[in-house]
Amino acid sequence: GLSVLAGKPKTGKSTLVRDLASSVAQGTEFLSRSTSPGRVLYLALEEKESEVHRHFNDLGLPKESPVSLHCGGIGNHEHALEEIKTLIHQSGDVALVIIDPLFQFVRVRDGYDYTSVYPAMEKLMELGRTSGAAILAVHHLKKRGSDDLMDGALGSTAITAAVDTYIA
């Protein structure tokens, strides 16, 4: 499936998903729930590799763990999906793909345009179906508060419309 975790900047979204990645890679509990062990592909599209490795080390993840890490940019929108497919293939049997942050992958001219955003999100849904991996994208909430959590994600409502699970 496809899930989105959204929150305000600097509220711990990346820390939370790295803890999830570590738990899945080791088959340990996450937030008091069991996980099935599996390979994780973590796309830290705005991070330095050394910092992400240090953070995983701080979380107790062994260096020889089943987490494949890709830091920095990924191809433009037309080629990004193919690049992720290649990374999944190279990583082996991936159980979880984390994209951090979503808009570094889903690059559309207008992030508020439903007709542009939904097809891009659909491609991520299809990736989950065809790869067998759960896809989790990290995203930002709008700066202004909203009484409607489904309308709180930065950009088009296509983001929340396209996902199986939306956590804000």
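Tutor: Ser 32 counts as exposed, because its relative accessibility is 66% (exposed means over 50% relative accessible area, buried under 20%, partly exposed in between, with a 1.4 Å probe and protein chains only). This is a predicted model, in which local features need pLDDT of at least 70 and side-chain atom pairs count only at pLDDT 80 or more, while totals for chains, interfaces and linings use all residues. Residues are numbered from 1 along each chain as its sequence is written, and side-chain values use heavy atoms, with hydrogens and water left out.

Ser 32 sits in the loop between α1 and β2 (helices are DSSP runs of H or I with at least four residues, strands runs of E with at least two, numbered from the N terminus). The phi angle of Ser 32 is near 65°, which is positive although the residue is not glycine. Leu 31 is found in the loop between α1 and β2, and it too is a residue other than glycine with a positive phi, here near 50°. With 60% relative accessibility, Leu 31 is classed as exposed.

The ring of Tyr 42 pairs with that of Phe 56 (rings of Phe, Tyr and Trp, the last by its six-membered ring, pair if their centres lie within 6.5 Å; planes under 30 degrees apart are stacked, over 60 edge-to-face, the rest tilted). The two centres are 5.7 Å apart and the planes meet at 80°, which makes this pair edge-to-face.

The whole structure holds two aromatic pairs. Tyr 114 and Tyr 118 make up a stacked pair, with 5.7 Å from centre to centre and 5° between the planes. Both residues are in helix α4, which runs over residues 114-131, and they are four residues apart, or about one turn of the helix. Tyr 114 is partly exposed, with a relative accessible area of 39%. Tyr 118 falls in the partly exposed class too, at 24%.

Between β4 (94-100) and α4 there is a loop that contains Pro 101. The peptide bond leading from Asp 100 to Pro 101 is cis, and its omega is near 5°.

That brings us to a residue with Leu 102 and Phe 103 among its contacts, His 139 (contact means heavy atoms within 4.5 Å). His 139 is placed in strand β5 and is buried, because its relative accessible area is 2%. Leaving out neighbours within four places in sequence, its contacts also include Val 4, Leu 5, Ala 6, Gly 7 and Lys 13, together with Ala 153, Leu 154 and Ile 159. The side chain of His 139 reaches the backbone oxygen of Leu 154 at 2.6 Å.

Notes:
Polar contact = N/O pair within 3.5 Å; in protein donor to acceptor, adjacent residues only side chain to side chain.
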